[in-house]
Amino acid sequence: METCDVAIIGGGLAGLSLAARLAEPRFKNWRVRVLEPRTEYVRDRTWCYWAKHAANDSHERAPLHPFLASVAMCWPQWEVMYRADNASEYEAAVRTGRYSYEMIPADRFYTQTERLISSSSHVKLLKGVTVSETVIRPDGVEIKTDDGSLNAALVFDSRPTAKLSSAAWIQRFQGFELEADEPVFELHRATLMDFSVSSAADSEAGRVHFIYVLPLSDRRALIEDTWFVSVSDACNDVDYQSQIKHYLKRRYGLENYRVVHREEGALPMDPALRPSALTSRIVKIGAGGGMARASSGYAFFETQRACDAIADKLMAQFPVVGEFSLPRWRGDISYWMDAVFLRVLAQRPALAPKIFFDLFSTVPPDALARFLSGVATPFDVAKVIAACPKIPFLKAAFFRS
């Protein structure tokens with residue numbers, strides 16, 4: 001049976017991000033294995049996050065993570081669109097500051113991480129390997145796979161959590177990247193939430209509905225029809241493609257375009273998902289390990305911060321003996337605020353468009369970007385709290401039903 005110091009189950013965002021750190025020369029005495037059931041990687045998703053520009057106001061990015069070479073687009077402006085009940089037109093909260101909104105397509109990320117891993121002699125990515133069982137042994141963890149068994153001193157498990165809590169929501173989306181025959185998109189501005197597609201019927205059904213638009217050129221964009229729904233709501237009655245088709249015609253007058261790439265997903269939004277160990281030698285990472293914001297589903301930047309903290313702690317603890325506990329990379333207040341926000345959505349889903357619009361229109365853009373990235377200062381948190389409707393949030397904070 002092959003043995004290693006660290007095994008990572010799952011070569012997705014969290015697994016590969018951690019493997020990239022462990023491929024650094026400082027870990028050259030470690031034996032690391034990544035077990036991934038896929039036999040090849042394709043562009044299956046897109047990650048976005050806020051990045052702070054250098055102080056000299058040039059567009060040189062401050063180092064945030066090892067994957068800056070995978071960044072495909074950067075938007076200096078971002079907006080949320082909303083119409084009040086008594087208004088005749090939609091308002092756009094357009095924000096710009098020292099933070100830009102950046103995008104990494106999955107295929108670029110996968111290519112770069114595979115290159116980083118292959119340049120290391122001590123880390124191996126084993127594709128086409130499915131884990132069936134993990135068994136705690138006196139000397140470590142036996143990992144049973146369809147390609148034999150592996151023994152590891154420590155295991156990081158990034159597989160999805162089987163069961164979510166009763167407070168969880170799901171972010172469901174489908175969309176595509178399109179190419180139009182004529183220039184219609186504003187390249188410098190990302191539309192993070194356009195609530196013009198939301199209806200009273202959506203709110204009555206306990207749903208939050210919006211469109212997400214990332215312009216890639218004046219003729220090309222990634223557009224997604226997005227829903228925040230309860231765990232039990234599979235959105236089987238939703239025609240995502242028709243929603244996007246009508247939206248493109250209404251907002252851009254666009255009817256002729258070519259679809260060049262499609263995406264879909266279902267992201268857990270569960271405040272109960274926090275950093276935790278399944279046992280003293282099996283540690284949960286990824287969304288199931290608290291590496292995604294429950295209130296938004298954003299995971300890329302959170303995962304990078306978590307993997308930096310894990311790698312530093314592993315370096316200080318080599319060789320791994322006994323229990324390994326996950327380091328803290330985010331304060332308890334952000335988890336609590338996520339939980340309160342999701343309770344507000346559950347109790348008053350019709351308020352969601354105005355809540356998001358008020359956040360984006362009244363909170364200073366840098367403070368909001370830090371808050372959404374999980375690196376808020378106490379002053380940032382205070383500004384976010386001040387922008388939220390007091391009564392619904394107080395009720396959600398103190399009364400759970």
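The largest cavity is lined by C48, Y49, W50, R293, Y298, A299, F300, F301, E302, L372 and S373. The model is a predicted one, and side-chain atom pairs are counted only at pLDDT 80 or more, whereas totals for linings draw on all residues.

**Largest cavity**

- The space in the largest cavity comes to about 70 Å³.
- Among the secondary-structure elements, strand 3 and helix 5 (300-317) each supply at least two residues of this cavity's lining.
- Sorted by class, the lining of the largest cavity holds 8 nonpolar residues, 1 polar residue and 2 charged residues.

**Strand 3, a contributor to that lining**

- Strand 3 spans residues 46-52 and is mostly covered, with 6 of its 7 residues buried.
- Strand 3 runs antiparallel to strand 5 (residues 91-105), and the two are joined by 7 bridges.
- One of the pairings between these strands involves T46, whose bridge partner in strand 5 is P105.

**Second largest cavity**

- About 30 Å³ of space lies in the second largest cavity, and the residues that line this cavity are P268, D270, L273, A287, A292 and A294.
- The lining of the second largest cavity is made up of 5 nonpolar residues and 1 charged residue, with no polar residues.

**Second largest pocket**

- The second largest pocket contains about 370 Å³ of space.
- Its lining consists of 15 residues, and of these Y82, R83, D85, A350 and P353 lie nearest the centre of the pocket.
- Helix 3 (200-204) and helix 7 (352-362) each supply at least two residues of the lining of this pocket, and helix 3 gives the most, with 3 residues.
- By class, the lining of the second largest pocket divides into 8 nonpolar, 3 polar and 4 charged residues.

**Points to check in the viewer**

- Which residues lie nearest the centre of the second largest pocket? They are Y82, R83, D85, A350 and P353.
- Which helix gives the most to the lining of the second largest pocket? Helix 3 does, with 3 residues.

Note on methods: Residues are numbered from 1 along each chain as its sequence is written. Side-chain values use heavy atoms; hydrogens and water are left out. Buried means under 20% relative accessible area, exposed over 50%, partly exposed in between (1.4 Å probe, protein chains only). Helices (H or I, at least four residues) and strands (E, at least two) are DSSP runs, numbered from the N terminus. Two strands pair if DSSP finds at least two bridges between them. On a 1 Å grid over the protein atoms alone, a cavity is a set of points where a 1.4 Å probe fits but cannot get out, and a pocket is an open set with protein on both sides within 12 Å along at least five of seven lines; lining residues have an atom within 4 Å of a point. Grid points are joined across faces, edges and corners, and a volume is the space filled by probe spheres set on the points. Ala, Val, Leu, Ile, Met, Phe, Trp, Tyr, Cys and Pro count as nonpolar, Asp, Glu, Lys and Arg as charged, and the others, Gly among them, as polar.
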